[in-house]
Amino acid sequence: QPNTKTTKMGKGGRSAEVKSRSDEGVWKSPYDPTDAKAPTLPTKGQIKASIPKHCFERSYFWSMYYLVRDFTMAAGFVYATSQVLSTDLPDFADAAAVLTWTLGWGFYAFGMGTIMTGPWVVGHECGHGAFSPSQTWNDIVGFIVHQALLVPFFAWQYSHAKHHRRTNHLTDGESHVPTTAEENGVGKNNERESFYAVWNEAMGEGVFAAFQIWAHLFVGWPLYLMGLASTGKVDVKGEPLNGRIMDHFRPNSPMFPAKISTKITLSAITTLASLGYLFFVAPQEFGHMPVLLWYWNPYFVANGWLVLYTWLQHTDPSVPQYGEGEWTWVKGALSTIDRPYGIFDFFHHEIGGKSQR
């Protein structure tokens, strides 16, 4: 008999308390939409009514406090690192120096990337309008914070809103939309019909899974912004893409309505300007190695965190994905998994377990 335990499931982990099932220690979603005895889901209004009113209160003071706290930790960590590590390459004849330098900068990359995921989350709340009562102030703060992290804020704000409007929709969802066997190049008789599928079989499931984890966490976010991975399957009008790319930089990208083209242009220009500075100006002024060590390495760690949170919230073999005619907002919103992340919940404002991703 499977073991059972109480768990909380849904957006924010507060929507419903149910019994989860565990077979041989493997977590399994307690809700099976194909089960004739599946419980009736609450309405969107009922879910909202069950949330205490104080959860909808937004505070300028506390929001700015958390942002300042995050940047203060980041500044302190930069200063401390600058006192003990040099960006100059060590003497390769000195094994101890090479090990110290490598481990030291590796620790800085992970630590700073972890800390800077905090401001990323604050910018995320700005995008949702949860940072303060003023949407103008939300947009200003979110724009500044996210642009510093190479996120085209207004473009992401639009696509992320769709992600929540159409969560776990197989065709009209946005980001982390599962691919079908056909899209992965697997034929009706399990034959491999694409390079991707052949590569998977050649590498073996274990090695290919490890590669997928690396690809998702290391380059998944930039590829998503460029429209090359994990985007939705239909354009803003609900039409199939038919090979078109839904990137976050062009005002005429199939992702966006014309009415927000000015915002998309502003986000794209500032993001590209930041990239230009990091690739061409900063290396001339500070050197390539300092820019890599101080900025790029932590940047990829922060990207890995944000992909990890979203990926794990929406991905599990037992969590349903819905097609057209089956999907509803409530079904999609409740088909999510909240998880504890230990000490990282402090740095990331508990986004993995108590906030929307």
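1. How many helices and strands does the protein chain have? There are 11 helices and three strands. Please keep in mind throughout that this is a predicted model. Reading from the N terminus, the order of elements is β-β-β-α-α-α-α-α-α-α-α-α-α-α, and the radius of gyration is 22 Å, close to the 21 Å that the globule rule gives for 357 residues, so the chain is as compact as a globular protein of that length.

2. On overall dimensions, the C-alpha atoms occupy a box of roughly 65 × 55 × 50 Å along the principal axes. Of the 357 residues, 42% count as buried. If you take the contacts between residues at least 6 apart in sequence, 61% of them join residues at least 24 apart.

3. The interior deserves a careful look. In soluble globular proteins, nonpolar side chains tend to be buried together. Here the largest nonpolar core has 35 residues, and Trp120 and Trp221 touch the most other members. The elements giving two or more residues to this core are α2 (60-84), α3 (95-128), α4 (135-148), α5 (153-165), α7 (205-225), α8 (261-286) and α9 (288-314). The largest share, nine residues, comes from α3. Another core lies apart from this one; it has seven residues, among them Ala155, Met255, Phe256 and Ile260.

4. Which residues does tryptophan 221 contact, leaving aside its neighbours within four places in sequence? The partners are Trp120, Val151, Trp156, His216, Tyr299, Asn303, Leu306 and Val307. I would start here when you turn the model on screen.

5. Asparagine 200 sits in helix α6 (residues 195-203), while phenylalanine 208 belongs to helix α7. Is asparagine 200 buried or exposed? With a relative accessibility of 15%, asparagine 200 falls under the 20% cut-off and therefore counts as buried. Phenylalanine 208, at 5%, is also under that cut-off, so this residue counts as buried too. Beyond four places in sequence, asparagine 200 is in contact with Glu205 and Phe208; on the same terms, phenylalanine 208 touches Tyr196, Asn200 and Met203.

6. Lastly, two backbone details to inspect. Serine 230 is not a glycine, yet has a positive phi of about 65°. This serine lies in the loop between α7 and α8. Its relative accessible area is 31%, between the 20% and 50% cut-offs, so serine 230 is partly exposed. Glutamate 350, also not a glycine, has a positive phi of about 55° and is placed in the segment after α11 (344-347). Its relative accessibility of 34% lies between those cut-offs as well, so glutamate 350 counts as partly exposed.

How values were computed
Residues numbered from 1 in each chain as written. Predicted model: local features only at pLDDT ≥ 70, side-chain atom pairs only at ≥ 80, totals over all residues. Heavy atoms only, no water. Core = buried A, V, L, I, M, F, W, Y, C linked by side-chain atoms within 4.5 Å. Buried < 20%, exposed > 50% of the residue type's maximum accessible area, 1.4 Å probe, protein only. Helix = DSSP H or I, 4+ residues; strand = E, 2+ residues; numbered from the N terminus. Contact = heavy atoms within 4.5 Å. Rg over C-alpha atoms; globule rule 2.2 N^0.38 Å.
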